[in-house]
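These are my notebook entries on one chain, written in the order in which I looked things up. The sequence and model come next.

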Amino acid sequence: MKTVNITVFGATGSVGGQVVAEALARGHRVTAVVRDAARLSELPATALGRTGDARSAEDVAGLSAGQDVLVGATRPAPGRERELAATTRALLAGAAGAGARLLLVGGAGSLTVPGTGGRTVLDDPRYLHPDWRAVAEAGAEQLAVCRADTSAADWAYLSPPARLEPGERTGRYRLGADELLADAEGVSRITVADLAVALLDEAERPRHHHGRFTVAY
């Protein structure tokens with residue numbers, strides 16, 4: 001497998017940190033981007049730490065120049081969920097300007113629930129806790145921004161399952177498209193470590209272009 005040059009925005013977040021770790025473990029070259037310079041010390045020594053703002057298309061393009069893949073793993077602070085759409089537009093524009101492929105870690109809210117005639121996770125109380133509604137709605141808007149994009153960005157949007165949890169890396173997952181993946185008991189889950197595995201598999205062997213995919217056990 002050839003070495004991939006990857007820039008990760010949100011590199012010290014729960015998902016971004018796992019993506020950085022997985023990419024480094026596979027021998028890829030990682031530029032890990034944080035907004036606050038004070039957090040550079042949290043990054044692995046083998047990553048190239050940089051400061052930048054995913055809300056700035058100029059920052060995104062500059063930090064992605066010469067890279068193969070750009071990963072957007074940022075999450076807005078509580079109460080600022082609506083900023084996610086603007087951040088996504090900046091990531092798309094910056095990726096297009098740099099000629100890098102964009103992999104976005106999004107939300108599960110817009111996935112349809114099996115056997116419900118098209119009801120989404122947003123409208124199914126079995127899967128959406130009321131406290132998650134604001135960020136789930138922002139994730140659905142984020143996907144809509146991607147689908148409406150007219151730039152040259154080559155993007156793919158990864159929706160996690162209903163439950164994204166801490167836990168071990170097993171290296172296994174099932175792959176889906178626009179429908180929530182759940183087991184025989186209706187449980188839809190994956191660990192953050194295995195979500196990172198799926199994302200790096202997509203970075204190494206692109207299968208999704210201008211579309212959404214999802215994973216779960």
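Which residues of helix 4 are buried? I found Ala136, Ala138, Gly139, Gln142, Leu143, Val145 and Cys146 to be buried in helix 4, where buried means under 20% relative accessible area, exposed over 50% and partly exposed in between, with a 1.4 Å probe and protein chains only. I note that the model is predicted, that local features need pLDDT of at least 70 and side-chain atom pairs pLDDT 80 or more, while totals for chains, interfaces and linings use all residues. Residues are numbered from 1 along each chain as its sequence is written, and side-chain values use heavy atoms, with hydrogens and water left out.

I take helices (H or I, at least four residues) and strands (E, at least two) as DSSP runs, numbered from the N terminus. Helix 4 has 16 residues and spans 23 Å from first to last C-alpha, close to the 22 Å expected at 1.5 Å a residue, the expected span being 1.5 Å times one less than the number of residues. I looked up what covers the buried residues of helix 4, and the list includes helix 3, strand 5, strand 6 and strand 10.

Helix 3 (residues 83-98) also has its entry: 16 residues, reaching 23 Å from its first C-alpha to its last, close to the expected 22 Å. Its buried residues are Leu84, Ala85, Thr87, Thr88, Ala90, Leu91, Leu92, Gly94 and Ala95. An α-helix has 3.6 residues a turn, so residues three or four places apart point the same way. The buried residues of helix 3 pack against strand 1, helix 2 (57-64), strand 4, strand 5 (101-105), helix 4 (133-148) and strand 6, contact meaning heavy atoms within 4.5 Å. After helix 3 comes Gly99, with a positive phi near 75°.

**Entry on strand 1**

I then turned to strand 1 (residues 5-9), which is largely enclosed by the rest of the structure because five of its five residues are buried. On one side these are Asn5, Thr7 and Phe9, and on the other Ile6 and Val8, so that both faces are covered. Strand 1 pairs in the parallel sense with strand 2 (residues 29-34) over five bridges, two strands being paired if DSSP finds at least two bridges between them. Strand 1 also runs parallel to strand 4 (residues 69-72), to which four bridges join it. Which bridge partners does Phe9 have in strand 2 and strand 4? I recorded Val33 in strand 2 and Gly72 in strand 4.

Strand 1, helix 1 (residues 14-25) and strand 2 form a right-handed β-α-β unit, right-handed meaning that, with the strands pointing away from the viewer, the path from the first strand over the helix to the second runs clockwise.

**Entry on strand 10**

In strand 10 (residues 211-216), six of the six residues are buried. Gly211, Phe213 and Val215 point one way from the strand, and Arg212, Thr214 and Ala216 point the other way. Tyr157 has Arg212 as its bridge partner in strand 10, while Arg174 stands opposite Ala216.

Is Glu165 buried or exposed? I list Glu165, in strand 7 (residues 163-165), as buried because its relative accessibility is 17%. Leaving out residues up to four places away in sequence, Glu165 touches Arg189, Ile190, Thr191 and Val192. The side chains of Glu165 and Arg189 are joined by a polar contact of 2.9 Å, that is, a pair of N or O atoms within 3.5 Å, where within protein one must be able to donate a hydrogen and the other to accept it, and residues adjacent in sequence count only if both atoms are side-chain atoms.

Helix 5 (residues 192-204) has 13 residues and reaches 18 Å between its end C-alpha atoms, close to the expected 18 Å. I found 13 of its 13 residues buried.

**Entry on Arg35**

Arg35 lies in the loop between strand 2 and strand 3 (48-51) and is exposed, with a relative accessible area of 55%. Arg35 and Asp53 are 18 residues apart in sequence, yet 5.4 Å apart in space, C-alpha to C-alpha.
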